[in-house]
Amino acid sequence: MASLNCGVTLTLLGVLLLGATRPRGGAEALELSLPHGSGITVLIKPGAFTLPVKSCHMITSRKYVTTLSIKSGERKDFSFTCPNPQHHFVMEIQKNIDCMSGLCPFGEVELQPPTSVLPTLNRTFIWDVHAHKSIGLELQFSMPRLRQVGPGDSCPDGVTHSISGHIDATEVVIGTFCSNGTVSRIKMQEGVKMALHLPWFHSRNVSGFSIANRSSIKRLCIIESVFEGEGSATLMSANYPGGFPEDELMTWQFVVPAHLRASVSFLHFNVSNCEKKEERVEYYIPGSTTNPEVFKLSDKQPGNMAGNFNLSLQGCDQDAQNPGILRLQFQVLVQRPQNESTITYVVDLSNERAMSLTIEQRPLKQSRRFVPGCFVCLESRTCSTNLTLTPGSKHKISFLCDDLTRLWTRAEKTIGCTDHRYCHGKSYSLQVPRDILQLPVQLRDFSWKLLVPKDRLSLALVPAQKLQQHTQERVCNASFSYLVASASPGQDLYFGAFCAGGSIEQIQVKQNVTVTLRTYAPGFQQELSRQGLTVSFVPYFKEEGIFTVTPDMKSKVYLRTPNWEQGLPSLTSVSWNISVPRNQKACLTFMTERTGLVCQTGRAYMIIQEQRTKAEEVFSLEEVLPKPSFRHHNFWVNISNCSPVSGKQLDLLLQVSLAPRTTDLTVVLIAVVGGGALLLFALGLIICFVKKNRKKKKNKGPPVGVYNGNVNTQIPMQPKMFPKVPKDNDAHVYAVIEDTMVYGHLLQDSNGSYIQPEVDTYRPFQGPTEDCPPSPPLPCSRAPTAKWPTEEPSSGFSPESESEPYTFSHPSNGKTDIPLLDAHKPAETGE
C-alpha cells in the first residue's frame, strides 16, 4: 500500500488551495452514509505527518475520538475540532470484491463514495479482489498510462498507484506507479489488490482503470508496456528491492513500433543461492530462430531489436539455509535506428595475446529530458552501453547511437620480456592498430604496459620528435600526450605527461612502466602519424629515471621531478643529461629558493657535474638552492631523495635556457699576450737547440747521410757532370742506411749476437665515458661542497710506463721523410 503521507511539498500546496475549495472544519458537521451490500469500509485515522501541528480531534456522538470506522450500511455524523484536519487525519476507503462465490464486477471501476461527499483529507481507495487460482485478472489503465517508480520515490502530482498480488496467503508487491508512463495492462493470477492514493487537494473523481476477466496466465503476473515513439521505461521485479518470490515466473511484454529499435540494460540485480533449477531471463524476439533466447543475469542483454518482444524472469528453488535474494531493475530504451547501426566494423585481435579494447560511454551531465541511448552491439544483437573485446578473436561490432561523440575507446597492451638475453637490444614501436583508429568513436587512451626482468634490464623511450614535459609554466597544447608512470607493484611513481615540440630526446626508466597515449581532440591522428615512440631494452641502471635533454634557442625548457603533486618517493634518484650546443651556454635556474624538504632519515642531495671536466658540485636539498649559473659544456643534474617527514615532500622545478657564448675582451688580450710569450719562448728553445746541435756535430765523426734518388743533384743551368752514367743503374742509390750498420756494435751482447728489438702493439682507450650520471655522495657527507677530479693525463694519448718497449718505424716503398743532413765540415772524432 502506498504511503499516506504526500510530503511537505504537497501539504503546503494543499494549504494554498484550501481557500479555493470547500472549507470544512471547526464546528461544521459532516455526514457519511454507506449503502448496504456495497462491501465498502471507511476508516479515518491520524496520519504520519512530519510538520509540527497542534492537536486535533474528531467529535462523533458528542465524544472526542481519534479514529472513526464506517462500515457498509452505516451512517455517521462527525466533525473536527481544528480548521485544517488534512494536516492531522487520513482516510482509507476499502472495497472487498469476492470473485470466488459470485460474478466479478468487471468493467470500469468507480470511486465510491464519490470524492464530492468526502471530507478534505488525503484519501486512499483500495480494491481487494479475491479470485480462484485458475482465474486471471487484468487491470487495464486508460490514458495516461503508468510509470513504475522505486521505493521512496514520489509522484509529481501526488497520485500514486500501488498494486500487489497473492501467492496463497502471502501478499506480493508488484510495484508502485505514477502517471504518464508506458504501462497499459497488468495481468494477475489469484486475485489482485489495487490502491489509489489521492492527495486532499486533488479533484480527481475517476479511478482511471478497469478490471477484465482472463484465462489463467500460469505465472505471477504479466506487465504490458507500450511505446508509441522514442522513450525509455524503468521496471523492477516483484517485491523490489526485496527478494523475488521463490521459483516464480514474471513476464514483461513490450509493444514497439516496427520502425524503432529497443535495447535492454540491467541497472541492478542480485542472484540467490539455488538448489534446483537456475535463475535466468528469457527473451522472445521476433525473427529469432532460437526463441526463447536464454541469458544469465550477468550476461550482456539483447539490443537493436525491431518490433515487439517479451522478457521473462524465472526464479529457482532456493537453499533453505542460505536462500540469498533475487532482484532485478532494468531499463528498456526505444529509439530510431541510426546510420551507424547498419555498418559493421571488424576489430581483428586474433594475433594479439595481451591486448584488450573497451568501448564505453564518456561521463555526461544528467538531464531530465529523454536522451536516446548509446549502445555498442556485438554481432548486431548483443548490445550494451559498454563492450570489452578480448584478444585472440576477430570481432564484428556496430553502434546504436544518435551521437557517437558520447562514446570513446580505451585499449591496453602488454609487452613483456622474460629472458634478458633474448630481449637485450631489441626495440618495439608503440603504434595504435589500424582497426582501432578506423572506428567512428574517439580513442581516449591506449596504454602499453612494458615489463622487464627485475635488476636485469631497463627501458629507453625514444620519440620520433623531441618531447616537452607538461608544466604550469609551459602547458601542452597538442591533441595528444604520453603519460608515463611506473608499473612495478607497490611503487607509485608518475614521471609526467609529455607532448611533441620540446627538448627531451629520450626517457630512460629503471623498471616496469606504463606508457599511455591520451587524446584530447578528434584530429589527433594527423599529429600521431608524425610522432612515433619506440621502446628499447637497455642494460640495467640504478636511477629511477634518466632524461636526455637538448635545449634550443627558441624557448626555455622546464623540467620537474616525478610525482609532482605527491612528491618524489623516498630514496629515489633521477637524473637529467643536458647537452649544451657549441658556441652557446646554458643558464640553469631553480624556480624556488628552497624545496621545503625535511628529512627524517638520510640526506637529500643534488649533484651538478660537468661532463667534460668531471667537476662536481654537491648541494643539500634541505638548504638554500644554488643561484642561477651558466654552463658552457654538457652537464648532469642528479637528484637523490631521502626519507622525508610526512607532509614535507620533495618537488623541484628546473629551467634551462640557452644564450650565445660571448668572450670577454680582457680574456682575449690575455690569451694573445700569453700566446705571443709562448711563441717567443718556443723560438728561444729552438735556437738554443740548434746551436747546441752544431757544437756537438763538430766533435762527431764523419756524418752518415741518406741518399735520395728523387732529388736532382745537378746544378741548374749547368751541363751534366756525369753524362756517361746510365739512368737505370741504381747501384749508387741508397734508400736508407740501417741503424744496425752504423750502431750495430751497440746491439751486440756479450756473446757477439745481435739483440732483436721488442715491438709493442696499440691498445684502445678503456677510460670512463660520459653516458653515466654522477653517483650520489655517501649519506654521511655534508653539503654544499665542491668535488674536483684528480689530475689525470689527457685522453688524447695513452701514457706509457718506463718498462714498456718501443721501436722505430721505417719508411717503405723507397720513400723517406728523413731530411738530408746539412753539409758541415767533418767533426772531430774522439768524443
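Me: What makes up the lining of the largest cavity?

Reply: The largest cavity is lined by Leu467, Gln468, Gln469, Thr471, Arg474, Gly502, Ser503, Ile504, Lys556, Val557, Tyr558 and Leu559, where a cavity is a set of points on a 1 Å grid over the protein atoms alone at which a 1.4 Å probe fits but cannot get out, and a lining residue has an atom within 4 Å of a point. The model is predicted, so local features need pLDDT of at least 70 and side-chain atom pairs count only at pLDDT 80 or more, while totals for chains, interfaces and linings use all residues. Residues are numbered from 1 along each chain as its sequence is written, and side-chain values use heavy atoms, with hydrogens and water left out.

Me: How do you know which strands supply at least two residues of that lining?

Reply: The strands, which are DSSP runs of E with at least two residues, numbered from the N terminus, are β38 (467-469) and β45 (557-560), each of which supplies at least two lining residues.

Me: What makes a residue of this lining polar, nonpolar or charged?

Reply: Ala, Val, Leu, Ile, Met, Phe, Trp, Tyr, Cys and Pro count as nonpolar, Asp, Glu, Lys and Arg as charged, and the others, Gly among them, as polar. On that basis the lining divides into five nonpolar, five polar and two charged residues.

Me: Why is strand β33 called largely enclosed by the rest of the structure?

Reply: Buried means under 20% relative accessible area (1.4 Å probe, protein chains only), and six of the eight residues of β33 (residues 394-401) are buried, so the strand is largely enclosed.

Me: How do you know which strands pair with β33?

Reply: Two strands pair if DSSP finds at least two bridges between them. Strand β28 (residues 345-348) runs antiparallel to β33 and is joined to it by four bridges, with Asp348 standing opposite Lys394.

Me: Why does Cys374 count as buried?

Reply: Cys374, which lies in strand β30, has 0% relative accessibility and therefore counts as buried.

Me: What makes a residue a contact of Cys374?

Reply: Contact means heavy atoms within 4.5 Å, and, leaving aside neighbours within four places in sequence, Cys374 has contacts that include Leu400, Cys401 and Asp403. Between Cys374 and Asp403 the C-alpha to C-alpha distance is 7.4 Å, although they are 29 residues apart in sequence.

Notes: On a 1 Å grid over the protein atoms alone, a cavity is a set of points where a 1.4 Å probe fits but cannot get out, and a pocket is an open set with protein on both sides within 12 Å along at least five of seven lines; lining residues have an atom within 4 Å of a point. Buried means under 20% relative accessible area, exposed over 50%, partly exposed in between (1.4 Å probe, protein chains only).
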